[in-house]
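Please examine the model shown below before reading on.

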Amino acid sequence: MPRTPPPHRRVGRPPVTSRTQILTVARRLIDEHGWGKLTIRGLAAEIGIGATTLYHHVRDKEDLLLLLIHEYAQQLPRPEPSGAPRDRVVAAATAIHDALTEWPLSAAVLTGDRFISRLSTPALRLIEDILAGAVDHGCTPEEAVQVFRNIWYFTVGEVLIRDRSASAPPSGEPSGEGSGAFVGELDPEQLPLLTALNHRWTALAARDTYPATLDALVDGLLPRDTAPQPHGTR
């Protein structure tokens, strides 16, 4: 009597088809080695699947990055939109800043004015909170867009500059208060203030001034002679 052939067994790890697993591995590789060194083929090999299988889930690296940002946005805490309109604007902007600081690569991706079209609803809610706070404070919807754009430019610039300064400091530059000069030789007659601050510049620039500067920026952007409107009455 002929024997029934044994069932075929796959060798090695089974193919992973979960998008969550793919994004988890991709995020780990990016954090460890940087975005520039990540390749679709390398990601597939790390997961244990073929590149062709991976392409069923992501079209290319840009598509992968957008999926990562959407996944990241799903986990972002959203401040309760309560309190004075001005305070709601500050709270939402601070939440955006904290999220971008936690993962600066997302700030680098979302630098164009058309970035909103790339975001999913969880991230868009923070933008909605800024717009709503500005309108409730007395801005027109058009003015609220400008309020957001100015806050966004300031926030992204602050995050990217700090991240790049921390990750790639000038070669051989000392750090800390009273350390070596930030700039080379200066002419004190032509640049008296820069000369006086030169040895303290790095320490002064490293201070976290985002909260105070955001407060000043928001106060300057919002109208001063308009009574805030109750939330939900716009």
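Which residues in H7 are buried? Buried here denotes under 20% relative accessible area, exposed over 50%, and partly exposed in between, with a 1.4 Å probe and protein chains only. In H7 the buried residues are Pro122, Ala123, Leu126, Ile127, Asp129, Ile130, Ala132, Gly133, Ala134, Val135, Asp136 and His137. The helix is thus mostly covered, with 12 of its 17 residues buried.

The model is predicted: local features need pLDDT of at least 70, side-chain atom pairs count only at pLDDT 80 or more, and totals for chains, interfaces and linings use all residues. Residues are numbered from 1 along each chain as its sequence is written, and side-chain values use heavy atoms, with hydrogens and water left out.

The protein chain contains 11 helices and zero strands; helices (H or I, at least four residues) and strands (E, at least two) are DSSP runs, numbered from the N terminus. From the N terminus on, its elements run α-α-α-α-α-α-α-α-α-α-α. Of the 234 residues in the protein chain, 34% are buried. Contact means heavy atoms within 4.5 Å. Among contacts in the protein chain with a separation of 6 or more, 69% come from residues 24 or more positions apart.

Helix H7 covers residues 121–137. From its first C-alpha to its last it reaches 24 Å, close to the 24 Å expected at 1.5 Å a residue, where the expected span is 1.5 Å times one less than the number of residues. Just after H7, Gly138 adopts a positive phi of about 125°.

The interior may be considered next. In soluble globular proteins, nonpolar side chains tend to be buried together. A nonpolar core is a set of buried Ala, Val, Leu, Ile, Met, Phe, Trp, Tyr and Cys residues joined through side-chain atoms within 4.5 Å. The largest such core has 56 residues, and those with the most contacts inside it are Leu43, Leu54, Leu64, Leu68, Ile130, Ile151 and Trp152. Ile130 is also one of the buried residues of H7. When residues up to four places away in sequence are not counted, Leu43 touches Ile22, Val25, Ala26, Leu29, Leu38, Leu54 and Leu64.

Leu110 lies in the loop between helix H6 (104–109) and H7, and it is buried, with a relative accessible area of 5%. Leaving aside neighbours within four places in sequence, Leu110 is in contact with Ile69, Phe115, Leu119 and Trp152. Leu110 and Val156 are 46 residues apart in sequence, while their C-alpha atoms are 8.5 Å apart in space.

Side chains of opposite charge can pair when their charged atoms come close. A salt bridge is counted when a side-chain nitrogen of Lys or Arg is within 4 Å of a carboxyl oxygen of Asp or Glu; by this rule the count comes to 10 salt bridges. One of them joins Asp129 and Arg78 at 2.6 Å, N to O. Asp129 lies in helix H7 and Arg78 in the loop between helix H4 (61–74) and helix H5 (85–102), so the pair ties together parts that are 51 residues apart in sequence. Asp129 is buried at 7% relative accessibility, whereas Arg78 is partly exposed at 41%.

Other pairs lie within a helix. An α-helix has 3.6 residues a turn, so residues three or four places apart point the same way. In helix H1 (residues 19–33), Arg28 and Glu32 are four residues apart, about one turn, and their side chains meet in a salt bridge of 3.6 Å, N to O. Arg28 is partly exposed at 33% relative accessibility, as is Glu32 at 47%. Glu158 and Arg162 form a salt bridge of 2.6 Å, N to O; four residues apart in helix H8 (residues 141–167), they are separated by about one helical turn. Glu158 is buried at 13% relative accessible area, and Arg162 is partly exposed at 30%.

Phe182, Val183, Leu191, Leu194 and Trp201 make a nonpolar surface patch of about 400 Å². Areas come from the Shrake-Rupley method with a 1.4 Å probe, and for residues only the protein chains shown count as cover. Patches are made of residues with over 30% relative accessible area and no salt bridge; like charges are joined within 9 Å, and nonpolar side chains (Val, Leu, Ile, Met, Phe, Trp, Tyr) within 5 Å. Leu194 is found in helix H9 (residues 192–197) and is partly exposed, with a relative accessible area of 37%.
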